Amino acid sequence: MDENQMCVARKVNRSEWQYHIMALMTSIIWSTTFVSTKTLLNHGLTPENIFLYRFLLAYMGILAVAHRKLFADSAKDEFLLFLAGLTGGSLYFITENTALKFTYASNVSILISATPLITMALSALVFRHKLRKSMFFGSLVSLSGVTLVVFNGDATFKVSALGDILVLAAAVSWASYSVILKYLGTRHYSTLFITRKVFFYGVVSMALYFPFSGCDLDISLLAEPVVYTNILFLGIVASLICFAVFNRVVEVIGPDKASNYIYISPLGTITTAVIFLNEPVSFMAIVGAIVTIIGVVIVEKVK
C-alpha cells in the first residue's frame, strides 16, 4: 500500500468512527426509553398505544422534510421496505412487549441481547461472507457481561417457554430489520426515505393488528402533560432521530457492528434505574458492565 492509499484508509477509518459514536449514543438513548414507557403504562396506555403514537408522530415529523419520493423504484424494494417497517417496528415491539406478560424481565434482557449474534449469522447467510471469529468471540464476551449486569447479583434464571420464544422472535425480527437495511443501502435510497417508509409501514401494520389486540385507543389521555411530554420524547427523539441515525449507521458500518451496540442498552438501563428509580446496583453488575464494554471493543476493532 503506497502513501496515498494509506492516507485514504486513515481518512475512511476516522470517518467511520463518527458512526460508531452515533451508534453508541443511539443505544444509550434507547436504553433510557423504558422510563418513559413505564410512566405511560402507569398512566393507562397500553404498549400498542405507545408504539402507535410514537411511530405516527415520527412519521408526521419526517414527512414534513422528506416527502418528494413516495415509492421505491421497484415492487421488490417496496416490499422490503414493508418488511423493514414490520420487523423493525410493529412485529418487534409486539413480540417483545407480549413476552413480558409470560416471562421475566431478566429473561427478556438476556435473550434480546442475543440479537447481535443472530444478526451476524443472518448477515453472513444473506450476503454470503464468512463469520469472523474475533467478532463472534467479542459478541460472546459482551453477552456474558450483559448476563452479569441483568442478574445484578441475583443468579436466578427461570424458563418460561412461550415468553422466551417470543423474545427470541423479537431478536430475530430486529436482526432481519438490520440486514434488510443493509441491502436497501445498496439500492441508493436516502436514509430519510428509508426511515420514513419504516415508520409508515410500522403504523400501517400496527393499525391492522389493533382490531385483534383487544386494546382501546383512548385519545383523551394525550391531554395529560406527563403523557404528551413522554410521547414527544419517544416519538421525536427515540424514534424520529434515533431510527434515522441507526439506519444511516447500518449503511456505513454494516449490520454486524451496528447491532453490537445493543449490548450497551442494559448498561444504560441499569444506570437510569439507579438515578431515577433509586434501584441498587451490585459489584457483579459493575464487573458485567466492564466485561460488556471489553466485548464491544473487541468487535469494533475488527477490520
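Helices (H or I, at least four residues) and strands (E, at least two) are DSSP runs, numbered from the N terminus. In that numbering, His188 lies in the loop between helix 7 (161-185) and helix 8. The model is predicted, so local features need pLDDT of at least 70 and side-chain atom pairs count only at pLDDT 80 or more, while totals for chains, interfaces and linings use all residues. Residues are numbered from 1 along each chain as its sequence is written, and side-chain values use heavy atoms, with hydrogens and water left out.

Although His188 is not a glycine, its phi is positive, at about 65°. His188 has a relative accessible area of 74% and is therefore exposed, where exposed means over 50%, buried under 20% and partly exposed in between (1.4 Å probe, protein chains only).

Helix 8 (residues 191-213) contains Val203, which counts as buried because its relative accessibility is 14%. Beyond its neighbours within four places in sequence, Val203 is in contact (heavy atoms within 4.5 Å) with Leu52, Phe55 and Leu56. The C-alpha atom of Val203 is also 8.3 Å from that of Phe51, although 152 residues separate the two along the chain.

Two packed helices are described by the angle between their axes and the distance between the axes. Helix 2 (residues 47-63) packs with helix 9 (residues 225-253) at an angle of about 60°, their axes being 8 Å apart; axes are lines fitted to C-alpha atoms, for helices over the stretch in contact, and angles run from 0 to 180 degrees between N-to-C directions. Helix 2 is therefore oblique to helix 9, since angles under 35 degrees count as roughly parallel, over 145 as roughly antiparallel, 65 to 115 as roughly perpendicular and the rest as oblique.
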